[in-house]
Each structure stands twice: as C-alpha cells, then as structure tokens.
Amino acid sequence: MTADGYTFGGWYDKADISTATKIGDAGDPVTVSAPTTYYAKWTAKTYTINYDAKGGTITGSTTFDKTYDTAYTGTLTVPSKDGYTFEGWYTDDTTFNKVYDKTKDDIYVEGKTTPYYIYAKWTAKTYTINYDAKGGTITGSTSFTKTYGTGITTALVTPTKDGYTFEGW
C-alpha cells in the first residue's frame, strides 16, 4: 500500500488509531469470523529541504525539515548576495516559475527525487551613477544607470572648466 507523502503503519480494528489494536501489516495472514473493516494507519513523512542560495550566502542552517501535508511554521532563511535583491525561494532553478509557499507546498511530490531543494532567485540591482564636475561644466546628462555585474556601456562624459585640463573620473 502506498500514499504519496505517507508511510503505511499497518491495519487496525478501529478508525481512531489512537485507541485501536493493530491487526497486522500488509501481507500478514488474518483469521476473520464475521464481516469486519480494518483501518489503515498512515504517518506523514518528514523530509529535509535544502536551500540552494545560487551564489548567495546563507547565515545559519542550510536545511529545514517539513512534514508532508502540513504547513511549515518556521521562518525561511533570507540569504544575501552583494549587488543583488533576493526575490524569494522557488521550486525550480531554471525557469523560476513557481514560488515556494511554505504554508502549502509539498515540493517532494512534484516528481522530484531526493535530495529536495528550493532555489534562491536574484535580481541584479541597478544603480544611478552621478557626475560631480567639481566646479566644471557637464554638457548633457549628469548621471547614468548601471546594472550590477555588467560593464559600463555608456561613454563617460568629459567636463570642462576654464583654466583646467580634465584628467579623468
């Protein structure tokens, strides 16, 4: 007998397993003298879920335990990564289509094999770079934006100041 996320614990004589007597396990012979009903005992499995920070840093535990079909009541770790904003934990690391919802997601029954992972999604921060000509004059824009981890694709401006030679930024 199988049920996703559960371990079979035997057959019992009452629906209330806490007060029932165990009749036996799957495959055990039984003697029956009248019509009867046996009740299956199922115990929810507990799985270890691993965090994959995808290049970020996790402070503290890199795993947590989750019981099948039970909301996780703990706090999910929030990782850090220089130059990036953490967007959340996802159940896939290629399309990032499904956000992990700790209150209902049982990611280990979605066709995945152990070990089980949730993956950090990152978005590179965009910064505004402002020019300060220190008393000089800038023709055109006095700022530009740059996304962390990318090269500067904007040509830097050349300011002017009477009596001075510009030496660089």
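Me: What is the mean pLDDT of the chain, and how do I read it?
Reply: pLDDT is the predictor's confidence in each residue, from 0 to 100. Where it is low, the predicted coordinates should not be read in detail. Here the chain's mean is 89, and 93% of its residues reach 70 or more. This is a predicted model: local features need pLDDT of at least 70, side-chain atom pairs count only at 80 or more, and totals for chains, interfaces and linings use all residues. Residues are numbered from 1 along each chain as its sequence is written, and side-chain values use heavy atoms, leaving out hydrogens and water.

Me: How many salt bridges are there?
Reply: Side chains of opposite charge can pair when their charged atoms come close. The rule asks for a side-chain nitrogen of Lys or Arg within 4 Å of a carboxyl oxygen of Asp or Glu. The count is 3. In one of them, K54 pairs with D93, with the closest N and O atoms 3.4 Å apart. That pair links distant parts of the chain, 39 residues apart. D25 pairs with K22 at 2.9 Å. D132 and K134 meet at 3.9 Å, N to O.

Me: Is K134 buried or exposed?
Reply: Buried means under 20% relative accessible area, exposed over 50%, partly exposed in between (1.4 Å probe, protein chains only). K134 has 63%, so this residue is exposed.

Me: What does N50 touch?
Reply: Contact means heavy atoms within 4.5 Å. Not counting residues up to four places away in sequence, N50 touches T62, T63, P115, Y116, Y117 and I118. N50 counts as buried because its relative accessibility is 17%.

Definitions and conventions
Helix = DSSP H or I, 4+ residues; strand = E, 2+ residues; numbered from the N terminus.
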